[in-house]
Amino acid sequence: MRLGIIEYGAGNYESVVRAVQSLGVEPVPVAGAEDWSAEEGNLTHLIFPGVGSAAQAMAALETRRLKEPILAHARAGKPLLGICVGMQVLGNSSEETGAGAHGFVGGLGLLNFSVERLRVKAPVPHMGWNSVSFSGKQAAASFSSVTAVEKNPHFYFVHSYAASIEQTDSEVVWGTTDYDGVAFVSFVGRENVMGAQFHVEKSGLAGLALLSDFFRWGESC
Amino acid sequence: MLKKRLVPCLDIRDGQVTKGVSFEGNRDLGDPVPLAKKYSDEGADEIVVYDITASIEGRPPDAQTISKIASTVFIPICVGGGIKSFADAAATIKNGAEKVSLNSIAPRKPELLREISSHFGRQAVVLSMDVLRDTSCSSGYRVFVNGGRTATEWDMLKWIHHALPYGVGEVCLNSIDEDGRRAGYDLTLLRLVRQEVSVPIVISGGAGSVEHLAEGLEAGADAALLASLLHIDGLSCADIKADLLKKGVAVRADSFTTRAEL
């Protein structure tokens, strides 16, 4: 396995690096189109981290010419994992346009879902440990290190926006989470492309188990 | 649903974990890195690291300690002690902290809260307060700084209402009166703050039993800071959580074990 991690200034980049290193994996930083070309297609796995707004993330991908490499990796059928905002921009669009703007920011369109602000009475951001109900055979089987231990394992969340159930193609729902009585989609995926709303890199042993399952992903697909 | 958090607190002095009673009389408990790992493996939801001499020595929190802990445990880390500028906060976050905790600096320089929260998000800023009962204050409590040694002019509630709009993601409430006494939290104080703020509250100071933790978490705290129950009584987060679950407190108690089994 050769793991790339998209480096575009996301605040959790270093945490993701530390987490994968603890599993014995030395990742390759992919900070621009040049890094991507230099790999000549050797990367087998790609992680796309993210914190901040979807608009910032998309703008940074444009500036660093990283949009095409991510799409190419996904199209080649290789495992891709988006984390937090990195998950949100795998979808069609997000309401999170950033400072004062209204409307939507377009995503990468790899998976059929859209992101909106959490519509709850409880405090936003939704921050802390919450449980994920895995759904669908592919998710449960592919993340067996996690699902064999706990039916509804807990992960660490920090976010104000999320993929709503209504705006997500049920085919791509791999996990849901309840906050303040409202369910949202916390884990999405289709074939080789997947995204976690929670911070896999800060979710303790459950997060590390999920990462190690992700690393094994390419072996079977 | 969102779970209540247990947060072991590591007070660091000269690179060693120390635990004091009422802010005085500390004793050493060893290297913070293996201790943080043990707590995390046993189910801690977050780790707080206070570099208790950083402020006095006029330096930011020890970078090496934080980065070693962040390379060993993979749960959120909150760091406090000696953060006086945006650069200190940014370096601490770069070293692996999710959150920075500001205490003495906040009344002197509240705009620092805004600088940090506007760049890293509100959730990265914890406002930590040491408060002492004081009948001359309208809320009944006065805010202290410098490790509880120096009184400020701030009434506790007035300070909270002043500080929160600068961008605070969480309030950590330390009762100087109850700290280390192990007689239970000051629930009056907790309820007073709970009524006034919607951000998460971390309660600290006074827990001597799991019963006390349950009281605090049921009275509106989102998280409890743990020190003597772990460091001195030798309880584990797993034991405490099993007890809390029996008492009906919703906590994360997944049965993941050590990474060797992954």
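1. Which residues of S10(B) are buried on one side, and which on the other? This is a predicted model. On one side of the strand sit B:Glu170, B:Cys172 and B:Asn174. On the other sit B:Val171, B:Leu173 and B:Ser175. Both faces are covered. In a regular strand the side chains alternate between the two faces of the sheet.

2. Strand S10 spans residues 170–175 of chain B, and six of its six residues are buried, so the rest of the structure largely encloses it.

3. S10(B) has strand partners. Strand S7 of chain B, residues 125–133, runs parallel to S10(B) and is joined to it by six bridges. B:Asp130 has B:Asn174 as its bridge partner in S10(B). Strand S11 of chain B, residues 201–204, also runs parallel to S10(B), with four bridges between them. Here B:Val171 is partnered by B:Ile201 of S11(B). From S10(B) the chain passes through helix H7 (residues 187–196) of chain B to reach S11(B). This β-α-β crossover is right-handed.

4. Now the nonpolar core. The largest one holds 154 residues. Those with the most contacts inside it are A:Val188, B:Val7, B:Ile47, B:Val100 and B:Ala224. Helix H8 of chain A, residues 204–220, gives the largest share, seven residues.

5. Take A:Val188. Leaving aside residues up to four places away in sequence, A:Val188 touches several residues, including A:Met87, A:Leu111, A:Phe113, A:Trp174 and A:Met194. A:Thr168 and A:Gly195 are also among them.

6. The chains meet. In chain B, 25 residues are in contact with 31 residues of chain A. The chain B side comprises 11 nonpolar, six polar and eight charged residues.

Note on methods: Residues numbered from 1 in each chain as written. Chains lettered and ligands numbered in written order. Predicted model: local features only at pLDDT ≥ 70, side-chain atom pairs only at ≥ 80, totals over all residues. Contact = placed C-beta atoms within 7 Å. Nonpolar A, V, L, I, M, F, W, Y, C, P; charged D, E, K, R; others polar. Buried ≥ 20, exposed ≤ 12 C-beta atoms within 10 Å, placed from the backbone. Helix = DSSP H or I, 4+ residues; strand = E, 2+ residues; numbered from the N terminus. Pairing = 2+ DSSP bridges. Right-handed = clockwise from strand over helix to strand, strands pointing away. Core = buried A, V, L, I, M, F, W, Y, C linked by C-beta atoms within 7 Å.
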